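Here are some notes on the model, set down point by point for a colleague who will want to check each of them against the coordinates. They begin with a term that one of the later points relies on.

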Amino acid sequence: MNSGTDMVMDEATEAPQSEPAPAAEQAEQAEQAEQQTGGAVSADQARLVLRRVKDPELNLNIVDLGLIYDITVNDSVVRVDMSLTSPGCPSGPEIMGEAEQQLRTLAGVTDVQINLVWSPPWTPERIEPRVRAYMGF
């Protein structure tokens, strides 16, 4: 006998579907973008993989922090202009090395150039608005 109560119980006992993890979702988006561009690397793909790189002190990705100023792709060479939260940032070499490493994971990339720039200087206004609100800025 299948009553309305049984149906409610069945629906209530179904396991909720979890959303994909952000990193997995970003990797999937990068893969889809690569397929759409026929293997050529795009600036959007580079930006997606750079979201995997976090400032170890703030535990936020460098894209949302506004540390990425410009990304250009010329054939298979990715060039990134980026800054740090301060000239004396002790995590600078680690962040830049991780950025280069993540960009090299993109299929078709033969060279990566990370350029550290100080003009314009980084300020908290460069942080993505939703992240800035979360941080209380």
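This is a predicted model: local features need pLDDT of at least 70, side-chain atom pairs count only at pLDDT 80 or more; totals for chains, interfaces and linings use all residues.

A polar contact is taken here as a pair of N or O atoms within 3.5 Å, where, within protein, one atom must be able to donate a hydrogen and the other to accept it, and where residues adjacent in sequence count only if both atoms are side-chain atoms.

1. Buried residues make up 34% of the 137 residues. Among contacts between residues at least 6 apart in sequence, 58% join residues at least 24 apart.

2. The nonpolar core. The largest nonpolar core has 30 residues, and those with the most contacts inside it are Leu50, Ile62, Val80, Met82 and Leu103. Two or more residues each are given to this core by helix H3 (43–50), strand E3 (68–74), strand E4 (77–82), helix H4 (92–103) and strand E5 (111–116). The largest share, four residues, comes from H4. As general background, nonpolar side chains tend to be buried together in soluble globular proteins.

3. With its neighbours within four places in sequence left aside, Ile62 is in contact with Leu50, Val53, Lys54, Asp55, Leu67, Ile68, Met82, Ile95 and Ala99. Two of these partners, Leu50 and Met82, are also named, together with Ile62 itself, among the residues with the most contacts inside the core.

4. Salt bridges around Asp64. The count for the model comes to five salt bridges, and Arg51, Asp64 and Arg130 are linked in a network of such bridges. In the pair of Arg51 and Asp64 the closest N and O atoms are 2.7 Å apart; this pair links distant parts of the chain, with Arg51 in the loop between H3 and strand E1 (54–55) and Asp64 in the loop between strand E2 (60–61) and E3, 13 residues apart. In the pair of Asp64 and Arg130 the corresponding distance is 3.2 Å, and here too distant parts of the chain are linked, since Arg130 lies in helix H5 (residues 129–135), 66 residues from Asp64.

5. Is Asp64 buried or exposed? Asp64 counts as buried because its relative accessible area is 7%, which is under the 20% limit used for that class. Arg130, by contrast, is exposed, with a relative accessible area of 53%. The side chains of Asp64 and Arg130 also make a polar contact at 3.2 Å.

6. Arg104 forms a salt bridge with Asp111, the closest N and O atoms being 3.6 Å apart. Arg104 counts as partly exposed at 38% relative accessibility, and Asp111 is likewise partly exposed, with a relative accessible area of 28%.

7. Aromatic rings. The count of aromatic pairs comes to zero.

8. Gln45. This residue lies in helix H3, and at 1% relative accessibility Gln45 counts as buried. Gln45 and Leu106 are 61 residues apart in sequence, while their C-alpha atoms are 8.1 Å apart in space.

9. Backbone geometry to check. A cis peptide bond, with omega of about 0°, joins Ser119 and Pro120, and Pro120 lies in the loop between E5 and H5. Asn59 has a positive phi of about 60° although it is not a glycine; Asn59 lies in the loop between E1 and E2 and counts as exposed at 52% relative accessibility. Asp75 also has a positive phi of about 60° without being a glycine; Asp75 lies in the loop between E3 and E4 and counts as exposed at 70% relative accessibility.

Conventions:
Residues are numbered from 1 along each chain as its sequence is written. Side-chain values use heavy atoms; hydrogens and water are left out. A nonpolar core is a set of buried Ala, Val, Leu, Ile, Met, Phe, Trp, Tyr and Cys residues joined through side-chain atoms within 4.5 Å. Buried means under 20% relative accessible area, exposed over 50%, partly exposed in between (1.4 Å probe, protein chains only). Contact means heavy atoms within 4.5 Å. Rings of Phe, Tyr and Trp (its six-membered ring) pair if their centres lie within 6.5 Å; planes under 30 degrees apart count as stacked, over 60 as edge-to-face and the rest as tilted. A salt bridge is a side-chain nitrogen of Lys or Arg within 4 Å of a carboxyl oxygen of Asp or Glu.
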